[in-house]
Amino acid sequence: MFSSAYHQFHIPVMGLAFTIDTPLKVARFGISSVISIIEDQLLESMRRHYSRLYQIAFEPIQDHEHDYRARRITAYLNLIHTIVTLQLNTLRELPFEAGSEISKYFELLPDHSTLKKQYNSMLAAPPAEKAAMEHGLRNSIQAGAIDVNIMAKVDRDQYTKDGAVLPPEYADAMSALRGFARSTLSSSVVFSAGYNPRLYQYLGQFDCFYPDSRGVLQKKVVIKVSDYRSALIQGKILA
């Protein structure tokens with residue numbers, strides 16, 4: 001799903017591969033997106049690819065290493081965050097001219113947006129006033145949120161090479177949550193595909209899901225439900 005407080009786009013696109021690098025395509029335009037983080041092998045492959053593409057050092061995380069699933073997820077999300085930040089800084093420096101990405105950012109805004117009106121006023125302003133107006137517009141640019149999705153019921157236990165069951169926190173969904181919690185992102189985790197009691201309880205172990213001294217949440221929780229009853233039950237549990 002794509003959404004934006006600025007652009008108000010809602011495009012239903014999901015799945016493991018379809019959304020895995022969506023933020024690198026749309027976040028710099030202020031469009032938020034949700035990516036699935038349950039498949040660590042795919043994330044590691046994509047991290048290798050984009051690290052090489054953007055000439056960022058890549059150190060593989062092998063599947064025999066401790067807590068490799070969560071660490072792969074954290075590493076991939078941190079990389080996405082880094083690249084989007086680079087993209088946004090580049091976009092802010094571009095000239096306001098036809099076809100440039102900075103112009104596209106404002107042209108994508110709905111007509112009723114205050115920023116869109118300011119952009120149109122800048123285009124019509126005399127040269128003596130344009131520089132100050134452009135500066136204000138550049139400072140107003142924000143990236144879209146990089147939210148993540150965890151399918152709550154996809155939480156199979158993991159085993160050692162000897163066949164012993166690892167503790168619950170190494171299960172699929174639990175590892176994914178830990179990977180997100182330890183990342184540099186300030187965004188939301190979307191729980192979908194059912195209710196997972198141990199996953200919800202695990203949230204309490206991470207300070208990032210609690211408000212700070214100013215009442216600000218670094219990371220938020222969203223539940224994706226299909227009916228009111230499910231929303232009521234899960235909402236009460238999380239509250």
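Predicted model: local features only at pLDDT ≥ 70, side-chain atom pairs only at ≥ 80, totals over all residues.
Local features were required to have pLDDT of at least 70 and side-chain atom pairs pLDDT 80 or more, whereas totals for chains, interfaces and linings use all residues. Residues are numbered from 1 along each chain as its sequence is written, and side-chain values use heavy atoms, with hydrogens and water left out.

The chain contains nine helices and five strands, where helices (H or I, at least four residues) and strands (E, at least two) are DSSP runs numbered from the N terminus. Read from the N terminus, the order of elements is β-α-β-α-α-α-α-α-β-α-β-α-β-α. The C-alpha trace spans about 75 × 45 × 35 Å along its principal axes. Of the 239 residues, 43% are buried, that is, under 20% relative accessible area with a 1.4 Å probe and protein chains only. Among contacts (heavy atoms within 4.5 Å) between residues at least 6 apart in sequence, 63% join residues at least 24 apart.

The accessible surface of the chain, computed by the Shrake-Rupley method with a 1.4 Å probe, is about 12,900 Å², and carbon and sulfur atoms account for 54% of this area. Charges were assigned to Lys and Arg as positive and to Asp and Glu as negative, without His and the chain ends, and were placed at NZ of Lys, CZ of Arg, CG of Asp or CD of Glu. The mean positions of the 26 positive and 24 negative charges lie 3 Å apart.

Strand E3 (146-151) is largely enclosed by the rest of the structure, because five of its six residues are buried. Strands were taken as paired if DSSP finds at least two bridges between them. E3 runs parallel to strand E2 (residues 32-36), with four bridges between them; Val34 has Asp147 in E3 as its bridge partner. Four bridges also join E3 to E4, again in parallel, and Asn149 is the bridge partner of Val190 in E4. From E3 the chain passes through H7 to E4, and this β-α-β crossover is right-handed, meaning that with the strands pointing away from the viewer the path from the first strand over the helix to the second runs clockwise.

Helix H7 (residues 172-181) is mostly covered, with 10 of its 10 residues buried. Among them are Asp172, Met174, Arg178 and Phe180. The buried residues of H7 pack against strands E3 and E4 (188-192), and also against helices H3 (68-92) and H8 (197-202).

Terms used: Buried < 20%, exposed > 50% of the residue type's maximum accessible area, 1.4 Å probe, protein only.
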